[in-house]
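Open the model in your viewer and get ready to click along. We'll go from stop to stop, selecting a few residues each time.

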Amino acid sequence: MHERQPGSVTPLVSEVPPTTPPYGAFDPPDPVPELSLAPSLPAPLSPTPTAPTAPSWGRRRVLLLNATFEPLTALPLRRAIVLLVCGKAEVVHGDAAGLVLHSATGSVDVPSVIRLRTYVRVPYRARVPLTRAALMHRDRFRCAYCGGRAETIDHVVPRSRGGTHTWENCVACCARCNHRKADKLLAELGWPLRTMPTAPRGRHWRLLASVVDADPLWLPYLGETAA
């Protein structure tokens, strides 16, 4: 039987340093410094009234305008900051709350609307995609039957009776009218339509089709129909 020499140590567990996958293996980081969100002025002791409704960092969107002030799309805030830092865009309107992004080397005002410095030609597609957001904007969030606050959409001619899912056959509708109408025709109920549904026209409608809640600062650039 061998005796262990004095002073020798037999390791009980072989320690292996943990392996960590390289950062951003599938999503390389943007070439901008880490930024922290902070107000431009000292933070008040109590939250401002607009704080609970302000979108979080990940959900915040920024309106991108072409060099001609034509609305193009709604960008994630991080992508908008990259365009500003790289000098490809400029701020048209800052955040209504005056928020500022701080880094170790500088700061950037949080934008609400930015504009490209160079004009970008975008192919024009006439037909606007039918989405819930765009339909609500078209009907101004009002029920096509009673004029109340709209909560859902309705097919004027029910799909069960041959109706199509098109701009001309879809309207904003309140829950009460939607339940009462069910799969009936307007002639059977004696209901009139407040306005005839039509397909909206204009490039800004393509943007509204993908945006649920537009910042009020965007409205002057989206046309009167978006107000």
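Start by selecting Leu64. Its neighbours are Glu70, Pro71, Leu72, Thr73, Leu75, Leu83, Ile114 and Leu116, leaving aside residues up to four places away in sequence; a contact here means heavy atoms within 4.5 Å.

Before you go on, a word on what you're looking at. This is a predicted model, where local features need pLDDT of at least 70 and side-chain atom pairs count only at pLDDT 80 or more, while totals for chains, interfaces and linings use all residues. Residues are numbered from 1 along each chain as its sequence is written, and side-chain values use heavy atoms, with hydrogens and water left out.

**Stop 1**

Buried means under 20% relative accessible area, exposed means over 50%, and partly exposed is in between (1.4 Å probe, protein chains only).

Now zoom in on α1. Leu77, Ala80, Ile81, Val82, Leu83 and Leu84 are buried in this helix. Just after α1, click Gly87, which takes a positive phi of about 75°.

**Stop 2: strand β7**

Select residues 111–116, which make up strand β7, and find Ser112 in it. Is Ser112 buried or exposed? Ser112 counts as buried, at 3% relative accessibility. Show its surroundings and you'll find contacts with Val62, Leu63, His93, Gly94, Asp95, Asp215, Leu217 and Trp218, again not counting residues up to four places away in sequence.

**Stop 3: the salt bridges**

The structure holds five salt bridges, a salt bridge being a side-chain nitrogen of Lys or Arg within 4 Å of a carboxyl oxygen of Asp or Glu. Let's visit some of them.

Select Arg115 and Glu90, whose side chains meet in a salt bridge (2.5 Å, N to O). Arg115 lies in strand β7 and Glu90 in strand β4 (residues 89–94), so this pair ties together parts that are 25 residues apart in sequence. Arg115 is buried, with a relative accessible area of 17%, whereas Glu90 counts as partly exposed at 25%.

Arg117 counts as exposed, at 51% relative accessibility.

Next, jump to Glu188 and Arg161. They form a salt bridge, with their closest N and O atoms 2.8 Å apart. Glu188 sits in helix α4 and Arg161 in the loop between β8 and β9 (170–173), 27 residues apart. Glu188 is partly exposed at 47% relative accessibility, and Arg161 is partly exposed at 41%.

**Stop 4: an aromatic pair**

How many aromatic pairs does the structure hold? There is one. Select Tyr145 and Trp191: the pair is tilted, 5.4 Å centre to centre with 50° between the planes. Rings of Phe, Tyr and Trp (its six-membered ring) pair if their centres lie within 6.5 Å; planes under 30 degrees apart count as stacked, over 60 as edge-to-face and the rest as tilted. Tyr145 is in the loop between α2 (132–138) and β8 (152–155), and Trp191 in the loop between α4 (186–189) and α5 (204–208), 46 residues apart. Both Tyr145 and Trp191 are buried.

**Last stop: the cysteines**

A search of the whole structure finds zero disulfides, meaning pairs of cysteine sulfur atoms within 2.5 Å. Select Cys177 and Cys174: Cys177 is in no disulfide, and the nearest cysteine sulfur, that of Cys174, is 3.5 Å away. Cys177 counts as buried at 4% relative accessibility. Finish on Cys170, buried at 0%.

Definitions and conventions
Helix = DSSP H or I, 4+ residues; strand = E, 2+ residues; numbered from the N terminus.
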